[in-house]
Amino acid sequence: MALIKQIRQRTGLAIGVIAVGLIFFLVGGDLLGPNSMLLGSSRTTVGEIAGEDVSYEEYVQKIEQTKLSFQQNTGRNPSENELSSIRDQAWQALIVEKIFSQQYDELGLVVSDEELVDMVQGKNIIGELRRQLTNPQTGEFDRSQLITFLQSLETADPQQQMFWAQQEKLFADSRLRIKYDNMLATSEYANSAEAKMQHKMANTTADVSHIQIPYYAVSDSAVSLTDGDVKSYINKNQEKFKVVESRGLKYVRFPLQPSAEDSANTLENIKNLTIELKETQTDSAFVIRNSEAATPFVTINPGDPLPVNFTNNVDNPEVGVVYGPFLSNNTSYVTYKITDSFDGDARMRASHILLSTEGMDDDAKAQVKVRAQEILDEVSDTGNFEVAAAQYGQDGTSQRGGDLGWFFKENFVTEFADAVFAAKSLGVINKLVETEYGYHIIKVTELAQTLSQKVAILELELIASDVTRNDIFRNADFFAANSDDAASFEENAKTENYQVTTATNVGANARSINNMNSAREIIRWAFNDASVGKVSTVFELDDAYVVAILTSKTEEGEGSIENPEVRAQATLALRNEKKAEIIKEKIKGLETLEAIKEVYPDASIGTTPGLKLNASVLPGIGFAPKAIGSIFGLQNTGDMTGPITEDIGVIVAKLNGIIPATEIADYTRYQNEITANASQRTGYMIMMAMEELAGVKDYRYKFF
């Protein structure tokens, strides 16, 4: 009901006050700063889309719309990190509006009045309204609430009616984009030849031996490079070395670490609270009121472990006994109490290998069933369930050996859940299980457990006190005030034994520097106010004060040898190319991998059985698509590839055997797979192409 309540509660005066307040909040000190909206229109442009300037005011309005939508869906205000995401969403929304509106017009895409009525009060209510108008008792959409609200609009004040009109426009805009994306997605098609190739790529395997000769096997001194060589290489390979606008920084970080006195005070406080926890009869209320833990009172479901810090310090915890305080990762003190232990609903743990049959006819499903039975027989014989899951599984669990984790019976479809919860022992279930998703090969990894526990967690964060923070700030401020340039910055840091950290390629819209999060203000300073060699004032982050110096500016454009990073990248790439030629010359004529190993002892020999044609990585070696392509180009067992240059070194491979993909009667599954994958990518790819064609320029870093 958050949306309806907000509409009902907005009066004309409230809207005016809130709007002014929000603008002041968002703009903050920039009103009279270097990017002031009062100092000329040239400084109020946050970007350019399709040749049209985007004003600060327009962008802020879109942020507010996106922020309001977030509040409606979550019932709360966004955090700082979420607000950053909202700004990005608002920017993308502006791009969509300005780029795609012309596309909609040319294609004749519209949302008619009748369709909009259907979306907000007809048979097909949009999801956003359904979520807002849910009956708390039934959990279902309550149409009566919608009718009551719409009827109230007839007598609502003009501001409320205008607000609802804006919401309807957002709904219509969203529907237009859905129509456009769906139109593009459904235009994708894969023919039978593509499907056969997809099947061949996925099911052709090779057994191969290989040797990788790393570039460090050749000494750098064996390669002679001049500046002219590197410059020529950069000019010939500009597509590799184009640069975007970025900054280079050095900084000293002053961590906001608690002092020994802070630690002692926190420990004393939690000891006193621990005594109270022992005596209280309302554990949950006590920890909710006094604990700084994110979830101070938790229910541990069957199969789930107790907190690691608890089990590391207590072997056999008892119900009702208070344990602690314990130091937790040097960031807090924690006390635990198991307040209750009881039998809850059963949970089990299992893994599966899914062979999908979605969208297939009966004949195709029958072929999948035969293949699933073959895999079931294989894992029953070998016991290599996890390996088979990674090789054959067709859902996201394949990446973790098919593991589904712990689950309640109601978490899964009936056929699957019944099969798992009927198991009386661990191991592979000796029959296939068919569901609406396909055929499952199931391994029970944990039998049913019912023990549930409720745990009270009393935690106090170990943080620097105000006194400690002031002392740390004085040190940072003194360092900044006495560092005028790069030389004094380095000298003062060395004298005070401060660590100087380097950051390169910092982008204009970045929000972190190295591992420092929430560093946006430092980045804005680097792009807006700083000059090379300028030392900053003290920046306050969540966990540290920071003093920075700008060391370099890189403007967008072609790479050049004057750019240290481009120079280093080009030098490495060119040196490796020359090393590859040396390696190839030295192993010319050698007919075995072992003979190559004798020439280059640093080389590594390995064997990969079951290498798929669609692979791009050689296990134990790395990304090697050219090598894999050459391997499958070999005709006969025992054939060897020539030396192949990859980024990771020079590779030579020998074919031990190849198993071509068998012909199947129906390739529909592969056609559907190609089409589905292409459809999922289409919207994103079109968006990127349209954005590039529209020449989008983003200057938001000057303001946010």
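Predicted model: local features only at pLDDT ≥ 70, side-chain atom pairs only at ≥ 80, totals over all residues.
Glu115 sits in helix α5, which covers residues 113-121. Is Glu115 buried or exposed? Its relative accessible area is 19%, and the cut-off for buried is under 20%, so Glu115 counts as buried. Setting aside neighbours within four places in sequence, Glu115 touches Val110, Arg175 and Lys179.

Next up is helix α18, made of the 16 residues 466-481. How far apart are its end C-alpha atoms? They are 22 Å apart, and that agrees with the 22 Å the helix should span at 1.5 Å a residue.

Now look at which way its residues point. The buried ones are Thr468, Ile472, Ala476, Phe479 and Ala480. Viewed down the axis of α18, these buried residues fall within an arc of 110°, so they line one face of the helix.

## A four-stranded sheet

For strands, have a look at the open sheet built from 4 strands in the order β15-β3-β19-β18, with antiparallel pairing. Which strands are at the edges? They are β15 (604-612) and β18 (644-646), each pairing on one side only. From one strand to the next, the twist averages 35°.

Within this sheet, β3 (residues 205-213) runs antiparallel to β19 (residues 649-659), and 9 bridges link the pair. To find one of these bridges, pick out Ser209 and look across to its partner in β19, Lys654.

The last stop is a hairpin. Strand β1 (residues 45-49) and strand β2 (residues 52-55) pair in the antiparallel sense, this time over 4 bridges. Ile49 has its bridge partner in β2, namely Glu52.

How many residues lie between the strands of this hairpin? There are 2, and in this hairpin Ala50 takes a positive phi near 55°.

Technical notes:
Residues numbered from 1 in each chain as written. Heavy atoms only, no water. Pairing = 2+ DSSP bridges. Axes fitted to C-alpha atoms, helices over the stretch in contact; angles between N-to-C directions. Buried < 20%, exposed > 50% of the residue type's maximum accessible area, 1.4 Å probe, protein only. Contact = heavy atoms within 4.5 Å. Expected span 1.5 Å × (residues − 1). Arc of directions from axis to C-beta.
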